[in-house]
Amino acid sequence: MHSEFLQALAAIVGNANVLTGESDMASHLVDWRKQYRGAAECVLRPADTDQVAAAVKLCAREGVAIVPQGGNTGLSGGSVPVGGGRREIVLSLARMNRIRQVDPLDDSLVAEAGCILAHVQQAAESVGRYFPVSLAAEGSCQIGGILSTNAGGVNVLRYGNAREQVLGLEVVLADGSVWNGLRSLRKDNT
């Protein structure tokens, strides 16, 4: 690690999860259609919400922009850093890929932002349920990206967009604080 900033990131997520090598970062700096390219100081690979929160706090303090990246399967280049002299990092959600809970009685499931859509569908199916969001990239797209873009997919007319499948969220805010809105309650008037 060649800068204090990168060393501080490594202290949060571990040296192996701060990618700085050109070949290590290459796939994160271009979209899958190869239409958009950018540059970043590093690719950060946090494993959990606490690591994301700590990294966001550090980046906010240092004035470094964060480009969150899921499966990098989008069509608009939103997951590619801008570059051009601006300080920014790519925050890859790939390691945040756990399904925390599946509750067939409540018809709910808690998945981390880096979960691959096909794995969420399989987890729902394993308890006799159906997760209706279905996209061509379901073997590589991630839940965080699907929700952030409100993807529709082939079942959108029957089941609605992705956000209509969401009961709650756990969110790291721009200052690094964590807002926990994970709920399984279908109607909450608060």
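Does Asn-150 count as buried, partly exposed or exposed? At 22% relative accessibility, Asn-150 counts as partly exposed; buried means under 20% relative accessible area, exposed over 50%, and partly exposed in between, with a 1.4 Å probe and protein chains only.

The model is predicted, so local features need pLDDT of at least 70 and side-chain atom pairs count only at pLDDT 80 or more, whereas totals for chains, interfaces and linings use all residues. Residues are numbered from 1 along each chain as its sequence is written, and side-chain values use heavy atoms, with hydrogens and water left out.

**Sheet.** Four strands form an open sheet in the order β1-β2-β4-β3, with mixed pairing. Strands (E, at least two residues) and helices (H or I, at least four) are DSSP runs numbered from the N terminus; two strands pair if DSSP finds at least two bridges between them. The edges are held by β1 (18-19) and β3 (65-69), each with a single partner strand, so one side of each is left without a neighbour in the sheet. Over 5 bridges, β3 pairs in the parallel sense with β4 (residues 88-92). Within this pair, Pro-68 stands opposite Leu-91 of β4.

**Cores.** A nonpolar core is a set of buried Ala, Val, Leu, Ile, Met, Phe, Trp, Tyr and Cys residues joined through side-chain atoms within 4.5 Å. The largest has 18 residues, and those with the most contacts inside it are Phe-5, Leu-6, Leu-9, Val-18, Cys-42, Leu-44 and Ile-89. Two or more residues of this core come from each of α1 (4-13), α3 (49-62) and β4. Leu-9 is in contact (heavy atoms within 4.5 Å) with Gly-14, Val-18, Cys-42, Leu-44, Ala-55 and Leu-58, leaving aside its neighbours within four places in sequence. A second, separate core of 13 residues includes Leu-117, Cys-141, Ile-143 and Leu-147.

**Helix packing.** The axes of α1 and α3 come within 9 Å and cross at roughly 165 degrees. Axes are lines fitted to C-alpha atoms, for helices over the stretch in contact, and angles run from 0 to 180 degrees between N-to-C directions. The crossing angle makes α1 roughly antiparallel to α3, a term for angles over 145 degrees. On the α1 side, the contact is made by Phe-5, Ala-8, Leu-9, Ile-12 and Val-13; α3 contributes Gln-51, Ala-54, Ala-55, Leu-58, Cys-59 and Glu-62.

In helix α4 (residues 117-126), the buried residues are Leu-117, Ala-118, Val-120, Gln-121, Ala-123 and Ala-124. They pack against β5 (99-103), β6 (108-111) and α5 (143-149). Gln-121 counts as buried because its relative accessibility is 16%. Leaving aside neighbours within four places in sequence, Gln-121 is in contact with Phe-131, Val-133, Ser-134 and Glu-138.

**Backbone exceptions.** Most residues other than glycine have a negative phi. Asn-72 and Asn-150 have a positive phi although neither is a glycine. Asn-72 is found in the loop between β3 and β4 and, at 11% relative accessibility, counts as buried. Asn-150 lies in the loop between α5 and α6 (156-159).

| Residue | Phi |
|---|---|
| Asn-72 | about 60 degrees |
| Asn-150 | about 55 degrees |

Notes: Angles under 35 degrees count as roughly parallel, over 145 as roughly antiparallel, 65 to 115 as roughly perpendicular and the rest as oblique.
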